[in-house]
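Dear colleague,

Please find below the structure that I am handing over to you. My notes on it follow.

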Amino acid sequence: MSATIENAPKIHGGGPSIESPRSKRSPRSTKTNFELYGWLFMRLSGILLVVLVLGHLLIQLVLDGGVSRIGFAFVAGRWSSPFWQSWDLIMLWLAELHGVNGLRTIINDYAERDQTRFWLKALLYTSALIVLFLGTLVIFTFDPNIGS
Amino acid sequence: MPAGTLYRGREGMWSWVAHRVTGVLIFFFLFAHVLDTALVRVSPEAYDQTIDIYKNPFVNLLEYGLVAAILFHALNGLRIIAVDFWEKGPRYQKHMLWTVLAVWLILMAASLPRILEHTIKTIFGS
Ligand code: HEM
Ligand code: HEM
């Protein structure tokens with residue numbers, strides 16, 4: 001486990017930029033361990049997503065006829081079970097937060113102007129709010145008799 | 001410079017690029033996918049019509065591509081985690097990358113007939 005400490009973002013270090021080795025610590029973005037927790041979250045959520053997403057793909061595309069059988073009736077059958085509702089809900093939140101945090105890193109890497117960063121992140125977080133809100137709402141309010 | 005210390009342009013860099021590209025791809029798919037699933041709240045017909053797109057042979061092929069991206073991202077993600085948490089991880093990172101690619105190839109070959117079954121049946125009759 002000794003490698004853990006070396007590879008993780010340093011406590012109280014961090015911030016997206018890489019400073020030259022002997023520069024003074026920047027006063028900015030050194031107050032919290034946000035980057036460390038983000039780093040840990042990427043790994044923990046990743047392990048859970050292996051099971052959740054690969055399991056989802058196995059069910060939707062491989063087993064028992066795969067994509068041919070998907071339709072409203074199929075979803076109604078699956079979401080009649082609290083187990084699959086919970087599966088989808090957890091997968092929704094973990095995948096979206098994992099993806100948003102990953103994209104945040106990528107924006108920090110490539111968008112160099114503060115303004116560009118700001119607007120790209122505003123777009124990113126807005127899209128995440130829409131996805132999380134809509135996805136959660138749909139699972140909780142699903143109505144199998146909506147057509148009749 | 002001693003051999004093997006150059007990271008740029010070697011396996012480590014290309015697997016990092018591929019991890020990044022696949023991650024972005026899956027993220028964009030998820031956005032569209034939550035929207036298409038939300039149609040179950042509109043009407044069964046609206047949902048079924050949209051899901052028919054997934055059954056188009058060309059889109060079916062794209063699904064196989066999505067599976068390729070996710071499988072790589074998942075397997076390589078586990079490799080990244082092993083490099084970070086397992087003390088021998090950094091030493092075996094290259095071996096682990098070849099293992100990732102081998103497992104990826106096997107799973108891609110094994111799932112091909114199943115994932116494209118719908119297309120195969122539509123084009124060549126059942
Ligand atoms: C082409 C491949 C895919 C197909 C055919 C597919 C199909 C479906 C179907 C039919 C549902 C409805 C509920 C259910 O049956 O569980 C669903 C829901 C869901 N899928 Fe997928 N899926 C695919 C790929 C993915 C991937 C790659 C992800 C994650 C990155 C994902 C994440 C989700 C989530 C989060 C929900 C719940 C949506 C909500 O809350 O409204 N799916 N999918
Ligand atoms: C299937 C299981 C998955 C595993 C094991 C996994 C694992 C990882 C790991 C370990 C990282 C590296 C984080 C870092 O370098 O600090 C990462 C990055 C990333 N992941 Fe995943 N992930 C998975 C699924 C997903 C999904 C479903 C999405 C999209 C919604 C996604 C999008 C991303 C993005 C955009 C990045 C950032 C890449 C970068 O910074 O270069 N991943 N993933």
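What covers the buried residues of α1(B)? The cover includes α4 and α5 of chain A together with α3 and α4 (93-115) of chain B, where contact requires C-beta atoms, placed from the backbone, within 7 Å. The buried residues themselves are B:S15, B:T22, B:G23, B:I26, B:F27, B:V34 and B:T37; a residue is buried if 20 or more other C-beta atoms lie within 10 Å of its own.

This is a predicted model, in which local features need pLDDT of at least 70 and side-chain atom pairs count only at pLDDT 80 or more, while totals for chains, interfaces and linings use all residues. Residues are numbered from 1 along each chain as its sequence is written, and chains are lettered from A and ligands numbered from 1 in the order in which they are written.

Ligand 1 is surrounded by 28 residues, each with its C-beta atom, placed from the backbone, within 6 Å of the ligand. The closest are A:Q60, A:D88, A:L92, A:G135 and A:V138. Because these surrounding residues come from chains A and B, the site is shared between chains. α1(B) gives the most to this shell, with seven residues. By class, the shell has 20 nonpolar, five polar and three charged residues, with Gly counted as polar.

Around ligand 2 there are also 28 residues, the closest being A:G46, A:G99, A:G102, B:G23 and B:G77. This site is likewise shared, because residues from chains A and B surround ligand 2. Its shell divides into 17 nonpolar, nine polar and two charged residues.

Yours sincerely

Technical notes: Helix = DSSP H or I, 4+ residues; strand = E, 2+ residues; numbered from the N terminus. Buried ≥ 20, exposed ≤ 12 C-beta atoms within 10 Å, placed from the backbone. Contact = placed C-beta atoms within 7 Å.
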